[in-house]
Amino acid sequence: MQPITITLDGREVSGYAGMSILDLARESGVHITTLCHDEHLSPIGACRLCIVEDEKTGALMASCVTPLAPGMIIKTSSPRVVAHRKTLVQLMLSSHPDSCPVCDKGNRCQLRQVAGEMGVSLTEFQRIPQSAAIQEVNPFIERDLSKCILCAKCIRACQELVVEGVLDYFQRGFKTKPTTVGNLPLENSECTFCGTCVALCPTGALMEKGWANRRTTGNIVETTCPYCGCGCSVNLHVKSDRLVQATPRWGDTGNYSLLCVRGSYGYDFIHSPDRLTRPLVRMNGNMEETSWDEALKVVAAEFLRIKNEYGPDSIAILGSARCTNEESYLLQRFARCVIGTNNVDDGNRLYNAATLAGLSVSLGFPLSSHFLDVLEKSDVIMVIGADPTCSAPSVGYAIKRAVKKGSRLILIDPRRTKLSLFADLHLQLRPATDIALLNALAKVIIQENLLDKEFVSRRTDNFSSLTEALEPYSPEYAENITKVPSEQIVAAARLYAKARQASIVYGNGITQYCTGTDSVKALANLSMLTGNTGRKGGGMIGLQKECNSRGAVDMGMLPGFLPGFRNVTDIKARGKFEALWGANLPTRPGLTAVEIIEQAKLGKIKCLYVVGEDPIVSFPGTRVVRDALATLQFLVVQDLFLTETAKMAAVVLPVASFAEKDGSYTNFEGKINKIRQAIKPVGDSRPDWEITCTLADKMNTPFSYSRLDDIIGEIEEAIPGYEGYSDSTRRYQSYEGVTDAGRLQGVQLLRGFACFSPVKYQVPFKVKPKGYPFILLTGSSLPHTGTGTRSLRAPRLRKLSPSGFLQVGEADAKKFALQNGDKVKIISRAGEIMAPVSISNSLPKGILFMPSTFPEIPVNTLFEISLDPQSKTPASKACYVRIERMDAHE
Ligand code: SF4
C-alpha cells in the first residue's frame, strides 16, 4: 500500500489510504480533543470537536471522518480551530442542564473536562431550558437524557459491539434523543443491561443507579470477571475496602471491552450479609463458630483417621472450576500427595467432560482451540446446543458482530433463542437427536463431494469407517428422527462445507446427555471433513460454563489426569511429578464426581472434601445425592456461603472471593487472565490456597510454598503452556507449544493426525414413559448461571430475575389453559417440583424449559442418575415430565 504523506502542524507524517486525519494525528503523538470518538466504534463526526483546518483550502473539517489526501497541510490548533472548538463547547453547554455542581458524574464528566481544558464557562450563550426526566425503574441504569450531548456512543455500542439494537435516535430536531425503539423504558425493551452504554457515556446522561452514594473512588483494580469462561477483563472500583462499581476495561482486552449484566452488576454478592465469615464446626447437631486453628485441627484429624482406618481411596475431593489455577493445582496435589488418592474431580464433569473425552479421541487434544477474534472472521458459524447470548455473552456478541459483517449462521436448537433472529438456517430439531442430524450433514458433505480431500487424505485417519457408518443417515432418515426437513439438512451441509472458514460453537445442549461424547465426536468429524480443524477462522469452541473450566483441566483436577493432561497411568508423567513433589503418587485413576456420590451411597467413600461446589443443587438425582452425603462419616465444605451441601457438613470453612485474592483463570480460548486482590478478605475468610497449605501442614505433609508466587513458579515449571504466565496476560500454548490457531501442524495433532470417530444415533435418555408427554429442557438464564450461589445473592441481578419458572410454549399454554404466573407441579419418574408458569413464544409444542439456577426450585430432583459411559457426565439436560395445575380448586 502506497503511503500518503501530509503536513501535520508543520511536520511531514505518513499514513495509508482510508486512514483518518485523527488516527494519523494520534499515531504521531498529536492530541486532538474529541467527545464522540472511540476507537471501537465507527466514527461519525457528531460532536465536531476534532475539527482541524486545511491550510491549502481553508476548510474546517472533522478529523475523525476525513480521510488523508496527499499533500494536505493540516493545522490542529490554529487560532481559528481553537475558536471554533470553543464555540462548539459553548453551544453544547447552552443546551446542557445547569446542574454540574450536583451532577453525580462529577469530575468524570468529559464535557466538563473539555470545557475546563478550553477555559469555557457555563454562561456564554443564552441557555436552552432542559427539564430533567430521570428514568430509573430498572435495577441498574439511571437515564437523564437532558444531559445527553448526542454523541451516539451508546447507540453505536449497542448496534455495533453488542449488536442488541435496542438504542437509536428518536424524533428529530430539538427533540432528538437516543432511546429505545418506541421510547420504551429500558426494562420494557430488549435491553440486556450489559452496561456498555453507561461505561461509554461521556456525561451524566446514563449512569449506574445508586452511584450518587459512591462518588469518586480511590482505587481501581484490573481483574477478570468470575462468572463464565469468557474471562472478560473488568475494572473493580474500590472505596473504603468495599467494591462500589465494576466497569469494562476499555482498550485491547480481547473482549472488545464489553461485559454482560453479570460482569457489570453481579459483584454485589461479595458484600452479601450471607457471606460466611468464620469457620463453623458441628457440635451436638448445631453449627458453631470456631477459630481457624480449631476447625483445621478437626479436619486434619478426621482426614488422617479415615485414611489410616479405611485407606486413602475412602476419601474424595470435589473441587470447583470457579477456583483459580493456583488453587486447583494445589488441591489436586493435596489429594494425590497428602491424602494419596486420585479421587479428585470438579463440577466440570457435569458439562465439560464430554469435550475432553470426545476431542482427545478425535484430535488427540482435549480442548477446543479457537479464539474469539478468529471466530469473528469465520464466514459460516454453526451454533449447536448452546445459547451463548445467555451462557457466554461475549461469544454471543462476537457471533452477532460476525453476522452483521456478513457471516452466515446455522443455528441448531429446539428452542427459538435470540440467535434465531440472526440465523440463515435454524434447524429446530427434536431434543437430543443431534447425532442423527450431524451424521446426515456429514453424509451430504461426502456424497456431494464437498469435503477437503487434501486434509482428509493427508491429515486424518479412519475415513473409510466413517463413510461406512454414515450409510443409513440420509437426510430423509435424519428427518424422521429429528423432524428437521431434509431440504434444510442438505442446505445446512452445503452452507457449512462450502465456507472458506467455518466455526462450530457448542454447549451443554449436546454435552449433558449420556451421548454427549459421541455428539462432540460427530462435530469433530464435520470439522475434519471440511478441513476446518485448525484452519484460521475455522475450528470448534466448546463453551465453558465457569470462569476457570479450562484452567481446572490444565491443573489436573481430574481423577485420570495429572497437570498438563498427563494420564495418571503414564509412568513417565507420574515420575516427573513424583520428582517434583517428592511423593509416591497413586497409580490407578480415581472416581469421577458422580461416581464419588454413588460410592458414598454404597459406603465405600467415607469422607468428602467439597471445595466451592454444591452437589445437592448442581448434580442430578438430588435425593440420591442427599442420601449419599448423609452416609458419609465426615463432610467438609469450603465455600463463600452456607450452601445446601454446606448445611450437611461437619465443618464449613469460609473462603475469600475472587476480589479478595490474587491468582489466575484460564478462559475458553486458553488465555491466562490474572485476578487481583481489590479488597481485604471479608471477615475471617481466607483464599482456598492458603487453607489447603495450612491443612497439609496440620496433616504433617507440609508444602514448601510460603506465598502464592511459589505456587505460580511451580505451575510455570510443571505445566507446558504456562511458562512465564505470571509476567503477562497472553495466549495459551497447546501442550506441544503451538502458539496460534493456524492450520494444524504435526505438533498440534499429538498423534500427527486427526481421527474420524464413527458414532451411532441412540436414544439418549429414557424412552418416553406413558403419562409423561413433555420433554423438559434445562439451562441457564442471562442473570444467573451455575447453581446461582453468587448471582442470586447479587441483589440487582436478583431483582432482574427474582425466581425460577417453568417456560411453556404458547400452543401448550393454550391447550392446558395456562396463564403467566399459574402454579404447576412438574412430575418426572424421579421426583416432582413446583414452579410458576411463564409463557414463551420460543418453544415448540411438547417442549418445556426451566432454568436450573434456583435452589428453591430444584430441577435436578426430576433427574435419575445416568452417566455417559465415555465421559461419566451425568445426563441432566432433558427428561420426560408431565405437568399438573395447582389451582385453588385442588
Ligand atoms: Fe463475565 Fe462471562 Fe459476562 Fe464476560 S461474558 S462479563 S466473563 S459473565
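A residue is termed buried when its relative accessible area is under 20%, exposed when it is over 50%, and partly exposed in between (1.4 Å probe, protein chains only). Helices (H or I, at least four residues) and strands (E, at least two) are DSSP runs, numbered from the N terminus. The model is predicted, so that local features need pLDDT of at least 70 and side-chain atom pairs count only at pLDDT 80 or more, whereas totals for chains, interfaces and linings use all residues. Residues are numbered from 1 along each chain as its sequence is written, and side-chain values use heavy atoms, with hydrogens and water left out.

By these criteria, α12 is mostly covered, with 11 of its 12 residues buried. The buried residues are Pro-393, Ser-394, Val-395, Gly-396, Tyr-397, Ala-398, Ile-399, Lys-400, Arg-401, Ala-402 and Val-403. The end C-alpha atoms of α12 are 16 Å apart, in agreement with the 16 Å that its 12 residues should span at 1.5 Å a residue; the expected span is 1.5 Å times one less than the number of residues. Gly-406, with a positive phi near 120°, follows α12.

A residue is near a molecule if one of its heavy atoms lies within 4 Å of it. The ligand is surrounded by Cys-225, Tyr-227, Cys-228, Cys-230, Gly-231, Cys-232, Leu-259, Cys-260, Arg-262, Gly-263, Pro-393 and Ser-394. This shell divides into 8 nonpolar, 3 polar and 1 charged residues, where Ala, Val, Leu, Ile, Met, Phe, Trp, Tyr, Cys and Pro count as nonpolar, Asp, Glu, Lys and Arg as charged, and the others, Gly among them, as polar.

The structure holds 0 disulfides, a disulfide being a pair of cysteine sulfur atoms within 2.5 Å. For Cys-100, the closest cysteine sulfur, in Cys-109, is 6.1 Å away and therefore too far for a bond. Cys-103 is likewise in no disulfide, the nearest cysteine sulfur being that of Cys-109, at 6.3 Å. Cys-100 is buried, with a relative accessible area of 15%, and Cys-103 is buried at 11%.

Helix α7 (residues 292-310) comprises 19 residues and reaches 27 Å from its first C-alpha to its last, close to the 27 Å expected at 1.5 Å a residue. Its buried residues include Trp-292, Ala-295, Leu-296, Val-299, Ala-300, Glu-302, Phe-303 and Ile-306. These residues lie on the same side of α7, because they cover an arc of only 165° around the axis, the arc being that of the directions from the helix axis to the C-beta atoms. Gly-311, with a positive phi near 95°, follows α7.

Strand β16 (residues 315-319) is mostly covered, with 5 of its 5 residues buried. Ile-315, Ile-317 and Gly-319 point one way from β16, and Ala-316 and Leu-318 point the other way. Strands are taken to pair if DSSP finds at least two bridges between them. Strand β16 pairs in the parallel sense with β26 (residues 607-611) over 4 bridges, and Leu-318 has Val-610 of β26 as its bridge partner. A further 3 bridges join β16 to β17 (residues 344-346), also in parallel, with Ile-317 opposite Val-344.

Most residues other than glycine have a negative phi. Gln-171, however, has a positive phi near 65°; this residue lies in the loop between β8 (167-170) and β9 (177-180) and is partly exposed, at 38% relative accessible area. Lys-483 has a positive phi near 70°, lies in the loop between α16 (475-482) and α17 (486-498), and is exposed at 52% relative accessibility.
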